There are 2 protein chains.
Amino acid sequence: MTSLLGPGAPVLAFDVGGTDLKSALVAPDGELLGVQRTPTPVQPEHTEKSVLETITRLGAALREQHPSISPEAVGLIAPGVVDDERGLGLFAENLNWHDVPFRDLAEKAFGLPASFTHDVRAAGEAEYRLGPASAYRDALVVTIGTGIAAAIFIDGKPVAGDGYAGELGHSVIAPGGEPCACGGRGCLEAIASAASITRRYNRLTPSPVPGAREVLERARAGDTDAEAVWITALDALGLGLSHATALLAPEVIVLGGGLAQAGDALFNPVRERLYSHLTFHRRPKLMHASIGQNAGLVGAALRARAVLETP
Amino acid sequence: MTSLLGPGAPVLAFDVGGTDLKSALVAPDGELLGVQRTPTPVQPEHTEKSVLETITRLGAALREQHPSISPEAVGLIAPGVVDDERGLGLFAENLNWHDVPFRDLAEKAFGLPASFTHDVRAAGEAEYRLGPASAYRDALVVTIGTGIAAAIFIDGKPVAGDGYAGELGHSVIAPGGEPCACGGRGCLEAIASAASITRRYNRLTPSPVPGAREVLERARAGDTDAEAVWITALDALGLGLSHATALLAPEVIVLGGGLAQAGDALFNPVRERLYSHLTFHRRPKLMHASIGQNAGLVGAALRARAVLETP
C-alpha cells in the first residue's frame, strides 16, 4: 500500500479482532512493514494475557526483521467497549476480558509509550483524517462487517462517550425482532450486518452460503428469499442512518467494512432509503471508505504517534 | 422566579415562538423583569419584519419601565433551523421566513451587540448549565411540547450541526406511518408530541379534548382509545431515546416541555421502555427539567451575556 500516513515517528501497530490479530511495523515514512494476520488467541477467560504474549512476540519479530527501525511507541486497538482516555478494555463480546488496563500493560510489555483505542474509532479516524471525508467537520464512519458500529466526528473531533458512543449497530430498528448477540432484539446489527444477512438467509434456504456476497448474488439471480433478506437489511440501514442524521446532521457518512464492498448495490438503495426519511434535514453525502482493510492498523499508528506528540 | 442566572451584564431577552413571543429585561442580579407574552405577529411572508418591529417596541417599553437598568446586549431565540454561528434564521415552519440575518438585524434595531440562537438549544443550555444536569459532561435535553427536539451536549459543549442537529422529533419511528408537519411520515413528533397525542386521540373520539393532559386523564379512567394513543406515544419516546443513547451514550437525558408535566405517568413508562432496548449500553438517568417555562428567556440571556464576554 502507499504511505497514507506520511512521515512521522516509527511505531508498532496491533489490531486485535475477534478472529484475527493484525500486526505491523510503521516505518518513519509511514509505510506499513511486515503486515501479518495471526489467529487471535481467544481463551475461556483472561484473553488479555495471551493477547499480550502474542503481540510482544510479534513485536520482537518485527524489530528483528527491521533492525534499522526503532519503534518509539505502540498503538493497540481492540473491539468491544473501550475507554480510550483511561486506556481500558471494559468489555468485549467473545474475547472474555473485563476492565483490563491494556495501555499500561502494553507500555510495560514493550517498554515504550502506548495507546489503547477502540478498533472502529481508530479505523474511523484513519478514514476521516486521511480520506476524502477530511474535508468535512461533521462526519460518521460506519463499518458494516461482522458487526456494525460508527465512529462519530463532530466539529472535527472524535466522540467516544467514555467508550459507549457510536453503537449504531445496537440501536433497535425492529423492537422485539431478531435476537442480537448483545442480548437485545431487533438491533440494526442483527438485521443488516454481513454476518446477520448470511445467517438470516441460511435459515431459509436448503443450500446455505458462506457470506453476504453470495446472498446478494442469489438475490440478483431471482432467489426471492435472498431478495427479501437483502431488502430488509437495506431498509434497516437506511432507517438507522436516518436516525443518526436527524440527531447529528453529519455532512458525510462514510460506509466501510465487508458489506460496503457490494458497492453500488449497497450504496444506491441505502442512499435512496435514507433520503426518503429526510425532509428539511441536512442530507449527508454517502462516501465509500478509501483506506482499505488496513484502516485499523493505520488508525492504531495515528494514535500511537499522537501519544508521542502529547506533552 | 429566583435568579437562576446570577449576576452579570443586564440584557434584553426575547423568545419568539410559533404562537407567543416572550420578552424580559434581565437585571444585573439575573432576575427576569417584566416577563410578558405577546402574540407572535405571523405574516403570510417575511414574518421577520413584524417580529423585529414588535421586539424593538417591547424593548423600548422595558427600558422605559426600568430606567435605572441599561441593557448591554440582546438575546433573541426562535424555532426552526437556526445557524447560531452566523446568526441566521434559515427556515421556520409556520413563521414564513428564510435565510434571515436576525443577529445583524437585531444589532441594528437596538444599537447593541446581539445573539441569535435556536429556541430549543437555548432553553436546553439553560437547563444544562443551571440545572442538576450540569454535573454531567454528556447530556441531552429533550423538549416535548407542540413539537419535539433535543439540545445535545457532548463533553460539556453544545452540538448544533450548523443548525440541523438535535431533530429527534423528526427521526422516523414508524416508516410510512402518521404524516408529520415536516412533510415526512412516522416522525417521533407526529406520534408523541403533546399536539400529536391530542390530534390522534381526537380522531378516534366523539368528544374531543383540548390537550394531551386530558388524553392521559381519559386513559387513566379506562378509555381504551385514549390508552392506545398514550401507549403508542410512550413506545415511540422510549424507542427514540434508545436510538440517541446507542449513538451518543448521554449520561443524562432531561425531559422538559408541556408533556413532561405529566410527571411519573410519563417518566416511569418511558424509562422502562428506554431501558428495555439497552443491553451493554450506558444507561442514561432521566431527569425532570428544572428551570420552568422561562427556560427559553434564561437561555437567550445566557447567550446574550456570552456575546459580551467573547473578545
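**Salt bridges and overall form of a predicted model**

R86(B) is exposed, with a relative accessible area of 53%. Exposed means over 50% relative accessible area, buried under 20%, and partly exposed in between (1.4 Å probe, protein chains only). The structure is a predicted model, in which local features need pLDDT of at least 70, side-chain atom pairs count only at pLDDT 80 or more, and totals for chains, interfaces and linings use all residues. Residues are numbered from 1 along each chain as its sequence is written, chains are lettered from A and ligands numbered from 1 in the order in which they are written, and side-chain values use heavy atoms, with hydrogens and water left out.

The side chain of R86(B) meets that of D83(B) in a salt bridge, at 2.9 Å from N to O. A salt bridge is a side-chain nitrogen of Lys or Arg within 4 Å of a carboxyl oxygen of Asp or Glu. D83(B) is buried, at 6% relative accessible area. A search of the whole structure finds 24 salt bridges over all chains.

One salt bridge joins R282(A) and D162(B), at 2.6 Å from N to O. This pair crosses between chains. R282(A) sits in the loop between α8 (264-276) and β13 (285-288) of chain A. D162(B) sits in the loop between β11 (157-159) and α4 (188-192) of chain B. R282(A) is buried, with a relative accessible area of 15%. D162(B) is partly exposed, at 33%.

Another salt bridge links R129(A) and E125(A), whose closest N and O atoms are 3.3 Å apart. Both residues lie in helix α3 (residues 119-130) of chain A. They are 4 residues apart, about one turn of the helix. R129(A) is partly exposed, at 36% relative accessibility, whereas E125(A) is buried, at 10%. R129(A) and E125(A) also belong to a network of salt bridges with D84(A), R121(A) and R303(A).

Chain A has 9 helices and 13 strands. These are DSSP runs, numbered from the N terminus (helices: H or I, at least four residues; strands: E, at least two). The radius of gyration of chain A is 20 Å, close to the 19 Å that the globule rule gives for 311 residues, so chain A is as compact as a globular protein of that length. The radius is taken over C-alpha atoms, and the rule is 2.2 Å times the number of residues to the power 0.38. Buried residues make up 59% of the 311 residues in chain A.
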